[in-house]
Structure formats: C-alpha cells, structure tokens
Amino acid sequence: MRRDEWDAPDATDADATAPRTGAAPTRLDGHRLVPLATALLQDDGLILHWSEDAEALLGWTAEEAVGNHAAQLLTDDRDRPEVLELFARIMSGKGWTGVFPVRHRDGRTVELEFRTYPISGPGGTLLLLATASDTAALHRVEADLAVLDGIFGQSPIGMAVYDTELRYVRLNESLARMNGLPVAAHLGRRISSVLPGINSAEIEHLMKQVLASGRPVVDARSHGRVPGDPRRDRAWSASYFRLEDSTGRVFGVCSSIIDVTERFQAEARAARAQERLATIAEATARIGTTLDLQRTAEELIEAVVPRFADFATVDLLETVLRGAEPTPIPEDRGVQLRAVAVGESYETGLVHAVDTVGEVSEYAPGRSYTQCLRSGRPLLRSHVDEEVLRGLVASPDRVAPGLAAGIHSYLMLPVTARGMVLGGAEFIRMRNPEPFTASDVALAEELVARTALAIDNARLYRRERETALTLQRSLLPQEIHRTLGLEIAYRYLPSSVTSEVGGDWFDVVPLSCGRVALVVGDVMGHGIRAAATMGQLRTVARTLATLDMPPEQVLTRLDETASGIGEGQFATCICAVYDPLERTLQIASAGHLPPVWVTPDGTPHRIETPPGVPLGVGGVAFESIRFVLPEGGMVALYTDGLVERRGQDLDEGIDLLARTLSGPGRTLEENCDAVLGALVSGGSDDDIAMIMARVLPLPTDRVATLPLTGDGRLPGKARRFTRATLADWGLSALADYAELLVSELVTNALLHADAPRRLRLFRDRVLTLEVADTGGQTPQLRPFAEQDEGGRGMFLVSELAQRWGSRLTREGKVVWAELELPFGAG
C-alpha cells in the first residue's frame, strides 16, 4: 500500500524518541535534507509497508515490495543467512542500528544506515519498523553542515540570522565582537534595542523590504556607534537575503556584515577633497569675471556661502580703496578697513555684529585682526566663546549679537597679493556644526589667494583706467562754443565692457567768418597709447583746421602725422566744415563710417563720401564733397562704437541710427538721448563719440553783404557801407578801425587780384570783415623801406586786426580780418 493509505505510526514519531548514534538529522523544521526510507515488516519478514523514499533509494515500487519477504527481495543468497540471523535477533526485542549493504532493483549494492524498532501491531502482533538512509548522502550532509558551522563560527565576517520579526536567532562571534556585546545579549532582540546608537530604523526598514520582496540587498551602508566603541563613529557594509525552503516557506533574513570604517573614512576624505576641488573649480570660474573691485569681493562671498561658511565678509584697507599702494602695517599702528562685501546663508542676525557694506572700522595695533593682517597668516578659532569673540570684533558692543547668532567657529585670512596685504576675509559657522579645520584653512587660502589676485588686478586696472580717462578727457573739448546758424549737441561714452580706454575723439573748431569744423576720429586699439595718439591727432587736426585748410588737406596732413607717430598707429577720421552764410557742408573721410543727415521733413540719408584709407596708411589722396544743407536739416557724425555690435551687420546699426534720428519733434539733446537709448542700452564694447548739428536760420542783423562791382571808387563805397552797417548794429565804436581795414582789403584786391567781388560783415563772437576776389594768390606781408610809397597795406591790416588771414575758394579767395567786439556787444 502507499504511505498515504497506511494507518500506522509515522516514522518521524518513532525517530523523535529513538536513541541517536551520532548520525546527522534527517529533517530540519520539516524540510527533508536526505531521503529517509521506511518499511514495516511482519515477524516473518513479510513487507507490509514501503515508503516513497524507499522506492527512491532502492528502485522497488510499493506494489512490487509489499507482500514479499525483505530478505529475498533485498539480499543475495550468500548474505541471506546473515540477514535472517540479524532479523531474528532484532525481533527478539533488541533494536539495532548500523550500516548494511542492500541490493538495488537494478542489481547494484547500496550502503544504507538502518534504524530498527520492534513495535506491537494489532492484536499484540510483533512488527518491525525500519528506517534507512543512504550513507553517502548522510556523509555529504554532515560535511556540508560542518562546513557551514565552520563558516559561521570561524568567519571574520559578521553573520546573523533573524526571524520574520527581525529578532536575532543566531549570530557568530565576529558580529558579537563588532557590536561589543556577547551572543546571548542579542538573541531574541531586534537591532533597534541591541544597538540604539546606529541607524537601526533604516536597517530594519531595508530588512522588511527583503522579507517582502525576496530580492537580496548588497553593500547596504550603516553607521553609528556601538557599545563596544561608544566614542567613535563606525561604518559597516551589510548584505541581506531571505531564508526560505524549496516550497517558498519563509523563515527569516540572513545578513553578512563587514566593518568598513577605514574605507568609509577614506571615502569621506575623498568626498571632502572632491568637494574642495569642486568648490575651487566653481570659484575659479566665478571669481574675477570683471575688473570691478567690489564685484570681485562679492563673487568670493557667493562661492563660499553656504557651501563653506554660514556668514562671510571681505574688508579692504581704506588706503588701498583710495588708490594708494599697499604698504606693510607698522607694529605701533592700527588699521582702517572698509567693508566691501557681506553675505549670509540665512537670517543670521550677524548684521549687528559686523560692518555693513561701505562702513569703515578701525582696529587697534594689538587686536587679533590687526596682528593677523600684519603677519599675513590665517587666524583660526575652531571654537568661539565670549572671551574669544571679544578679541575678534572691532568693538565690545558686537559681542552679544555674535553670541546670540550662535557663532561657534571662526576663520580669518589676510587678502594678500604680490606680497602685500590688501585687506581681510572672514568666514563664520553657526548652523554648520563642524568647526573649521586645517583642511578648511587650506581651501580658504586657495580661494582667498585667487580673490586677492583678482582684486589687485582690479585695483591696478582702476588706477590705470582713471589715469587714462583723465588723460583722455583732458584731450577732449572742454567747451563747445556757440556757432551762429548751427545748433550742436554731442555725447562721449567710454566703453562699459573693455578694460581699457579707447582712442575715440571729437572736436568742434570755430573758424573764420563764422564757419565751424566738425571732426570725429577713432584711433584703432585701446589703452593709454591709443589715448595719447588720439590727443596728438586731435591737436594737429584743430591746428590744421584753424589754418583754413579744406577738409581733404586736413586729412592729408593728419595722415602724415599718424604715419610719423609710430608703426601700427592707424585711425579713421571724418572732417566736415560748415559755412553758415552759404549753408554748405564740405566733408572728407579717412576710412570712417558715413555720416547721416536728416531732411527737415524727417527723411534720413547716408552721406556717401569718397572712400578714403585710414590715417597712417600714407601715400593716398583724399577727396571731399560739398552740398547745401537746408534750413532745419540735421547731420550726425559718430564712431563705430555706436553702431557696431557683435554678431550684427554694421549696416543694421547704421540703419537703426537713421531710423532713430527720423523721429519728429525732438531737440538735438533729445535726439542724442534717443540714439543712445536705442543703440547702447546694454552697454558698448567700444568708446562712443557722436556730434549732431542742426541748421538754424541765420539772423539778418548779424550779416551784411555789399557786392563790389563797378569802377575804382570801390574803397570809398566799402567804407561808407561799413560805417552805416556798424551804426545799425550799435558798433560805431569800431567804425574807424573797420573802415580802415575794409579800405585796405578792397584796395589790395584791386591792385593784386583780378577784381574784388564782395564785401561781407559778419557779427558773431567777433566782428569779421571779409573781401572776396577772383585772384588765386594769397596776400603776404612784405618788407618795405621807409621811403617806399606802397606795400604797407597788409602790414597795416596785421597791426589793426586782432587776427587776419585768407582762404582759397572755388571762385578765387577770401581775405578776412577780425576785430574784438566791445564788452557786452556780442
């Protein structure tokens, strides 16, 4: 019969009470380790029951075995007498345990370990219960268990078994030593109660996940302090897996644990080093992005708060901020520092214990702060109390706010560049529980050193830039004189981006007869050299213009000057001369951008001047164009900084300038502001120089013209016209001198030129008398003898006039003389 049909005592019940002989157990918590065959025999050896494991061990099925005699089925003829003798002895009431060879169904011999138990059957019948296991399988189990016990007991790795309630069931001595508690102190308790000093809640949560999912976890980190080493933080790496049998029944969790404190500390050191490198890398990219001294200090604050410190300040010596060179701090002198940057990671309350930005504090010679600056070495106070804080702050009233804010660690470093102290940087920790250490000092030194170099560069740049700007401004026009018939507005903006001044310039040069020269130029490059070159070219241009040279000749001479200044000194320039009496504008360009002029109705146009090479190239002739500006028309001259932008076509900037100037109803000043607002709202990479001029109506009481035609009585006609005109203008006091000058100029034209054409009187800043003729030869002062009857005319003009001169025109020339106006007559 099959086992599930046999109503007899189970073999395990007998096994539980049977004597043991050292054989390995065949079951563990209901889980079969090796096959255990069972059979029930009558007193004559007839088989009554044959188990499934018996089938597995010997190959005979229950149908084949039951009803047969065991000795005939399982033994050879030669062994049968011995078997029958042993069976009789067992049935006599003496149980037997031992190893005996048994024949397998396939004919081979199997060594089995037997245990036999005589029992009483129904009606007092004597029966025999026999159990058997394969000795080879038992030996393997014993070896495996020995190995497992050896691993568990001898392994240096901590090992533990927990039940489904996460209570210790078993652990080895290695784990007990790690924890500093005996094995017995663990059993039946959870990790949270045995080791309250570690992250037990996190560990138990992880073990619950392993129990629920069955997925093992490798290298789970735990940390904290254990009873065996309560003063030192330790770290462990643990692996967890679920214990279950082949049917899926779960018994608990097993763990293996390794002490990784040294590796953890090394990783922590490496992480801190990595963080320091990251901080340095980030600070390197952040600090010194501009040449602004205060902004550089602010960049240091942004780099260290809150990553490195909860609160930080940068203070610089007052003498350094005033532009003086830093000097060593004498032993008997204190220091004055101005706060330039302050930052905090949260509302610390320290604003009442430190200087606000812009505030100046003075530290006495014996203060810790002063001594630190004097020595150039860091000042570290890992732990700050009231006494320490009193030695750090500038005044006693700052101690209480500092203590209230929770200062517990302080670090101060001198801001030193090129061996000279520029100021100090303070770092404070409050919420950050870690005190500053030597590694923190090294990191701070690296950051402060970078900041110090950037601050010193900013300081030197600011000094050089101020020097260059002073030079540049001194070379630009200090005053623009009012010009009759022309309204003028201008703007000059140094670059807001580049670190050096440029060579842009403009000038408004008053000329004779009310004319005015407008000059705009741009020296290529930046720096003091460019500014100096600009000054030389501007001075030469002004001088040449006042000699009544036409614009193309002015540029020719400027080109020679630029070539003589030095190799590589090039400049673009545009020169325009406006005559208010003719309302003509004569323009020549040396590689400069085209001017823009706007008609009275607001239509903008480019003035296409003849192309010219930049000044300094040399050997190229310049040309000019002349056109009439209508009353109300406007012209704009400018440098490329106004219209040139990176990534944008130059024509786009010029078109935007033209469109902006076309706006109606604005004054020239408003036009200047509108242009800057439209084209320079975000700052410029280059300097900007710009002149705008608008044609105004010429007052009739300022100009008087007499055509000179007819016979030789023209000098008298000119004298009468001059006296009458000056009387109408209220300038009769100048009539005698003016008559004499006019008479000489007209007479000179009659004698030395083809014919005089026109006499013009012009009243502006001075009274100008000009005579135009058709001759092409300019008058000269000639030496004369005392007995000579002539030749004194131009000498007399030179003596009577404040200034005189001549200029060539298309029709001939103009000779002019100027007289100063009486006070208040302008």
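Glu299 is buried, at a relative accessible area of 1%, where buried means under 20% relative accessible area, exposed over 50% and partly exposed in between (1.4 Å probe, protein chains only). The model is predicted: local features need pLDDT of at least 70, side-chain atom pairs count only at pLDDT 80 or more, and totals for chains, interfaces and linings use all residues. Residues are numbered from 1 along each chain as its sequence is written, and side-chain values use heavy atoms, with hydrogens and water left out.

**Chain overview**

- The chain has 826 residues, of which 47% count as buried.
- Its secondary structure comes to 23 helices and 33 strands; helices (H or I, at least four residues) and strands (E, at least two) are DSSP runs, numbered from the N terminus.
- Of the contacts in the chain with a separation of 6 or more, 62% are between residues 24 or more positions apart, a contact being heavy atoms within 4.5 Å.

- Glu299 is part of helix α11 (residues 293-304).
- Not counting residues up to four places away in sequence, Glu299 touches Arg286, Ile287, Gly288, Thr289 and Thr290.
- Leu544 belongs to helix α17 (residues 528-546) and counts as buried because its relative accessibility is 8%.
- With neighbours within four places in sequence left aside, Leu544 is in contact with Met549, Val554, Arg557 and Leu558.
- Leu544 and Arg557 are 13 residues apart along the chain, and their C-alpha atoms are separated by 7.9 Å.

**Helix α20**

- Helix α20 (residues 668-679) has twelve residues and should span 16 Å at 1.5 Å a residue, which agrees with the 16 Å between its end C-alpha atoms; the expected span is 1.5 Å times one less than the number of residues.
- The buried residues of α20 are Leu668, Asn671, Cys672, Val675, Leu676 and Leu679.
- These residues cover an arc of only 130° around the axis, so they are on the same side of α20; the arc is that of the directions from the helix axis to the C-beta atoms.
- An α-helix has 3.6 residues a turn, so residues three or four places apart point the same way.
- The packing partners of the buried residues of α20 are β19 (486-493), β27 (634-638), α19 (650-661) and β28 (688-695).

**Cavities**

- A cavity is a set of points, on a 1 Å grid over the protein atoms alone, where a 1.4 Å probe fits but cannot get out; lining residues have an atom within 4 Å of a point.
- Grid points are joined across faces, edges and corners, and a volume is the space filled by probe spheres set on the points.
- The count by this rule is five cavities of 30 Å³ or more.
- The largest cavity has a volume of about 200 Å³.
- It is lined by 18 residues, and those closest to its centre are Ala353, Val354, Tyr363, Val393 and Glu426.
- Elements giving two or more residues to the lining of the largest cavity are β13 (311-317), β14 (335-344) and β18 (420-429).
- By class, this lining has 13 nonpolar, one polar and four charged residues; Ala, Val, Leu, Ile, Met, Phe, Trp, Tyr, Cys and Pro count as nonpolar, Asp, Glu, Lys and Arg as charged, and the others, Gly among them, as polar.
- The second largest cavity holds about 130 Å³ of space.
- Of its 14 lining residues, Asn179, Leu195, Ile198, Ser222 and Ile257 are the closest to its centre.
- The lining of the second largest cavity has twelve nonpolar, two polar and no charged residues, and α7 gives the most to it, with three residues.

Definitions and conventions
1 Å grid on protein atoms, 1.4 Å probe; cavity = no way out; pocket = protein on both sides within 12 Å on 5 of 7 lines; lining within 4 Å.
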